[in-house]
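Look at the sequence and the structure first, then read the points below.

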Amino acid sequence: MRLWARELGFSQIGVAGVDLRDAEAGLLAWLAQGFHGEMDYMARHGLKRARPAELVPGTVSIVTARMDYLPRDTPPNWAERERARLTQPGEAIVSVYARGRDYHKVLRARLQKLAERIQAQIGPLGHRVFTDSAPVLEAELAKRSGLGWRGKHSLLLSRDAGSMFFLGEIFLDVALPPTPSVTGHCGSCHACMVACPTDAIVAPGHVDARRCISYLTIEHPGPIAEHLRPLIGQRLYGCDDCQTACPWNKFAQPATLADFDARPALTQSGLLDFLRWSEQEFLQRTEGGPIRRIGYERWQRNLAVVSGNALRSAELPPALAQQVRQALAQWQADAATSALVQEHIAWALAAPERLILQINRK
């Protein structure tokens, strides 16, 4: 089975059982504190996440899989480069995982092929495949099956690959011997917690999604709280800070599949380029990728926040600042621009005006 998985592009597979009862208390406590934010489906599914046999009746074992996603041409100093980009106010940065094809489609199709190969070998079996698409405790299952351990940022970590990989599962109605778990190796390191721009990692292994930039720019549908907007910086979609800070990611491996190669439109475009995308261009250039699912309105909202942070930076060249203001003003004058986006545009444009007033008064 490992050979089949490798041929399909997976980096590692394991097998977990279905008894997750000892994870239920932690899940309930996380939900009770409201750390899931507006991801209502988390609470709606409740303990079904920790009870695989209720999600898919008849399930007795689960094949877990991980797939590396760094683009194939990723240089060794990729993490340093990503951190450097955050200091450039003309940038608008998309999280590394989202620069290629939608991982849901890639993993789901290949998990299905792996399940079919298992079935061809052992005979008829009931199965379902998942990848971040159902109430499944993916990282917990991966941990129990030996794919890694949970880091202080709550993500799965591997000694051989850091955390730059996707997870997926095959629920099976046949019993397979579970693979052994591995011990954790974070020790006293708190690099991920220190690096988090919004202090969303409230305790080792506990993330308050309401403060997480990935949640705010992707899952959160409404206005972003004003006190959090400056902390988002130049992060347009998602955030990699806890991962680029992690020492284990010096072992992160490039993908073997071309699917995760970065699209030039997402890596060679700056803030001004993105501001000039029409809705049609947004849909065209994000087709088949994960970004498209947030829709153009959230894309505009996020761009307004990034623009506001750029305009607040003394490092932004005056000519570029003027172009950013003009692009935002065009959105502001467009009757099709939603109230949500208008509010964020107003915030973006207000601070520079206040700064100019303060300078003039002096």
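Helices (H or I, at least four residues) and strands (E, at least two) are DSSP runs, numbered from the N terminus. This is a predicted model, in which local features need pLDDT of at least 70, side-chain atom pairs count only at pLDDT 80 or more, and totals for chains, interfaces and linings use all residues. Residues are numbered from 1 along each chain as its sequence is written, and side-chain values use heavy atoms, with hydrogens and water left out.

**Asp-132**
- Asp-132 sits in the loop between β4 (127–130) and α7 (138–144).
- UniProt, in an unreviewed entry, gives Asp-132 the feature "active site"; such annotations may be inferred rather than shown by experiment, feature names are shortened, and positions follow the numbering used here.
- Asp-132 is partly exposed because its relative accessibility is 44% (buried is under 20% relative accessible area, exposed over 50%, partly exposed in between; 1.4 Å probe, protein chains only).
- A polar contact of 2.4 Å links the side chains of Asp-132 and Tyr-103 (a pair of N or O atoms within 3.5 Å; within protein, one must be able to donate a hydrogen and the other to accept it, and residues adjacent in sequence count only if both atoms are side-chain atoms).

**Arg-72**
- Arg-72 lies in the loop between β2 (61–68) and α5 (78–85).

**Ser-163**
- The loop between β6 (156–157) and β7 (165–172) holds Ser-163.
- Ser-163 is buried because its relative accessibility is 4%.
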